[in-house]
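Please read the report below alongside the sequence and the structure.

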Amino acid sequence: MTDGPCIAVQDLDMAYGDRVIQRNLTFTVNRGDIFIIMGGSGCGKSTLLRSMVGLLPPARGDVAYSGQSFWRADPAVRERLLRRFGILYQAGALWSSMTLAENVALPLGEFTTLRPDEIRELVSLKLALVGLAGYEDFYPSEISGGMRKRAGLARALALDPDILFFDEPSAGLDPISSRRLDDLILELRDSLGATVVIVTHELASIFAIGNNAVFLDAATKTMLATGDPKVLRAESTIPTVRQFLTRGEEGDGHA
Amino acid sequence: MSAHTVVPEQSVQDTCAMVIDHPAEDLLVLRLSGAWRIGKALPSPDVARQAINQTPGVRRLAFDTQGVTAWDSRFLAFAGQVITEGTARQLTVDRSGLPAGVRQLLDLAAAVPARQDTGAGVGPSWLARFGLGGIAFAQNAIAMLAFLGEAALSVLMLLRGKARVRRIDFLQFLQDCGAQALPIVTLISFLVGVILAYVGAIQLRQFGAQIYVADLVGIAMTREMGAMMTAIIMAGRTGAAFAAQLGTMQVNEEIDALTTFGMPPMQFLVLPRLLALALMMPLLTLYADLLGILGGATVGLGLLQLGGVQYYLRTAAAVDLHDLSAGLIKSIVFGILVAIAGCLRGMECGRSSAAVGRAATAAVVTGIVSIIVSDALLTVVFDLLGF
């Protein structure tokens, strides 16, 4: 592991047209971190993720990966950076006209020079990793929501990414499946040496796997704190942050 | 002091009633009784409002609900309106007479103040709406031009061997907008030929010039109707399908997933659809021309008693390669426009199921408008070129 920050977000402002979502976001994510983007509903967590992975140009500021600017880079560099990401969308976002195997195989076929039989082997391996061995020929509409999410993860892992992004991984999952997904994320981080960025507001997941975090606030439209969520819960003096991390049982007591 | 009772006509037990009492100079008391439930006739809050507004010297408002046997949201809404009115008149509202549950729910409803900046209520004036409409139209046109430009760049990249198009997708779309469109194109073109022949026959028969029906149908089908009718069919059939497919992909974040894998949606999604339609349109048009002429011949042979050979020779003499190629050039343009309209509307689709429906509708409208406008332009241009 090297010491330089893996991701550095600098003075980031995000807006849809005139509507500002968040401003003045500055934080760093270290290599090997499981970094949590947390905050109440509608505060712009997913929007921040979209800005970090190149889907929403920021109104101001930049995101740098290993010192390489993302938004100021030219398209070729940006495309090379994108190749290092694996992204799990909220509902999986599997390409619905393709089978699970084709979903995982598409990036492999596009960006590698592997032979079809080699690709098929890799696809089976990735699906087995997320517990979907034998589901190669199913279409996304034929499997459950939790399975779609895991298939999405298999696709995100297709190109052995350095950085994994998760958008609300536990949304819509029962507590057990959600717990299993958390364990899977930890195992993947440890075995692949990847850095993980997770958007979530599940306190159980936040404390179970997160070792670094940023807290976004909807009212002030900016970040209130960054650091290890367990430390924030124990030491933060900001009422909103304490309240969130203790489910409203501490803090300024308005709830 | 004065008091009047409002009892809606309903003689069941638990009839709701409101008595407006005025026990002191500055005090109004609403005495409510009965079961206040959805589905029952209730006193109107307007009566209470009137009393609040028209009784002179009132400073305080109170409730007496000892007679209320049951209540639900209707009662809540009633109490809420009366309290709002009282507060607006600067009355001191004493809510202690309301049932405890009602007080709690009213507090809950007032906990988060209504948003002020949502812009609901006053709309822009008609002049502003006119202006906004104009701006939206201009932005729309610019978006379409930008999309067209981007698509052209992708085609260029494809020609230089740099674009990625999945062959299997392309073949799928070829089949989709080619072979599978044949039945409906057959039916419509044949009938258009029949209609053209009928319209012509009625006029031409008066001069004994029935044979010219062959000219009329042949030229009209090859120059105009073949390409235009096929394009309109494809706009309704394939353009709408493109918009719905891409719109649904937008809703499911599938397009985001492509983008973040570094696979540009323009190359992966738009290019195969565009190429397939641009390639299939001239073929379908050629087929439509033939079917239309066949339809005309059916009328000529059946109704006008023309000979088959005679009709064929007449058509062959009237239609030359210019007519045919004018129609085919148009059909390629129409195909591109229909595909662009469908893909554009699909790509700019919002993230809800209603947006997908709107995208499909907009794709058909945009498609048909651009077909007719470009047809008019091309006809003038061909005429100027003597084509």
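## Basis of the model

This is a predicted model, in which local features need pLDDT of at least 70 and side-chain atom pairs count only at pLDDT 80 or more, while totals for chains, interfaces and linings use all residues. Residues are numbered from 1 along each chain as its sequence is written, and chains are lettered from A and ligands numbered from 1 in the order in which they are written.

## Chain A as a whole

Chain A contains nine helices and 10 strands, where helices (H or I, at least four residues) and strands (E, at least two) are DSSP runs numbered from the N terminus. Of its 255 residues, 40% count as buried, that is, with 20 or more other C-beta atoms, placed from the backbone, within 10 Å of their own. Along its principal axes the C-alpha trace of chain A spans about 60 × 45 × 40 Å.

## Strand S6 of chain A

In strand S6 (residues 85–88) of chain A, Phe85(A) and Ile87(A) point one way and Gly86(A) and Leu88(A) the other, and all are buried. S6(A) pairs in the parallel sense with strand S7 (residues 163–167) of chain A over four bridges, pairing being assigned if DSSP finds at least two bridges between two strands. Within S7(A), Phe166(A) is the bridge partner of Leu88(A).

## Contact with chain B

Between the chains, 15 residues of chain A are in contact with 11 residues of chain B, contact being defined by C-beta atoms, placed from the backbone, that lie within 7 Å. On the side of chain A that touches chain B, the elements giving two or more residues are helix H2 (75–82), S6 and helix H3 (100–111) of chain A.

Methods: A residue is buried if 20 or more other C-beta atoms lie within 10 Å of its own, exposed if 12 or fewer, and partly exposed in between; C-beta atoms are placed from the backbone. Two residues are in contact if their C-beta atoms, placed from the backbone, lie within 7 Å.
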